[in-house]
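Please look at the sequence and the structure below before reading on. The report then goes through a few parts of the chain.

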Amino acid sequence: MATITECRGALDRLSDNLARADGDVRGATALDRSLSCHITDLDTTFTGRLAGGRIEVVDTVAGPPPSKAQIRLAMTGDDLVAMVGGELNFAKAWASGRVRLEAGFRDLLKLRSLL
């Protein structure tokens, strides 16, 4: 099982990957939205923002998200680490229910290029 430190490192790597993206992916990351990522098996939530093409983690809290972020992710720590490491396809994980993504309709349309 992935640790909180490994999950935080995976989010940092994801942020670096998004910052280097171009084309449609770069356009999708150009949003300025609040973000939460609930690690279900650790019952821990990382909160922050997707802004300027990067994910900025502001806080780590025990339990589910304390407030409703504009973009909400939920998954196990192992799935987060595997996705960022390229071992798990996000679209397939989302379609199978291993990863939950909730956002407004317009945000989902913009984020579809990440899928």
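This is a predicted model: local features need pLDDT of at least 70, side-chain atom pairs count only at pLDDT 80 or more; totals for chains, interfaces and linings use all residues.

Residues are numbered from 1 along each chain as its sequence is written, and side-chain values use heavy atoms, with hydrogens and water left out.

The elements named here are DSSP runs numbered from the N terminus, with helices (H or I) of at least four residues and strands (E) of at least two.

| Element | Residues |
|---|---|
| Strand S1 | 33-39 |
| Helix H3 | 77-84 |
| Strand S5 | 100-103 |

His38 lies in strand S1, and it counts as buried because its relative accessibility is 12%, where buried means under 20% relative accessible area, exposed over 50% and partly exposed in between (1.4 Å probe, protein chains only). Leaving aside residues up to four places away in sequence, the residues that His38 touches include Asp43, Gly63 and Leu73, a contact being heavy atoms within 4.5 Å.

In helix H3, six of the eight residues are buried, among them Leu80 and Met83, and the buried residues pack against helix H1, S1, strand S4 and helix H4. After H3 comes Gly86, whose phi is positive, near 85 degrees.

S4 and S5 pair in the antiparallel sense over four bridges, pairing requiring at least two bridges found by DSSP, and Arg72 stands opposite Glu102 in S5.
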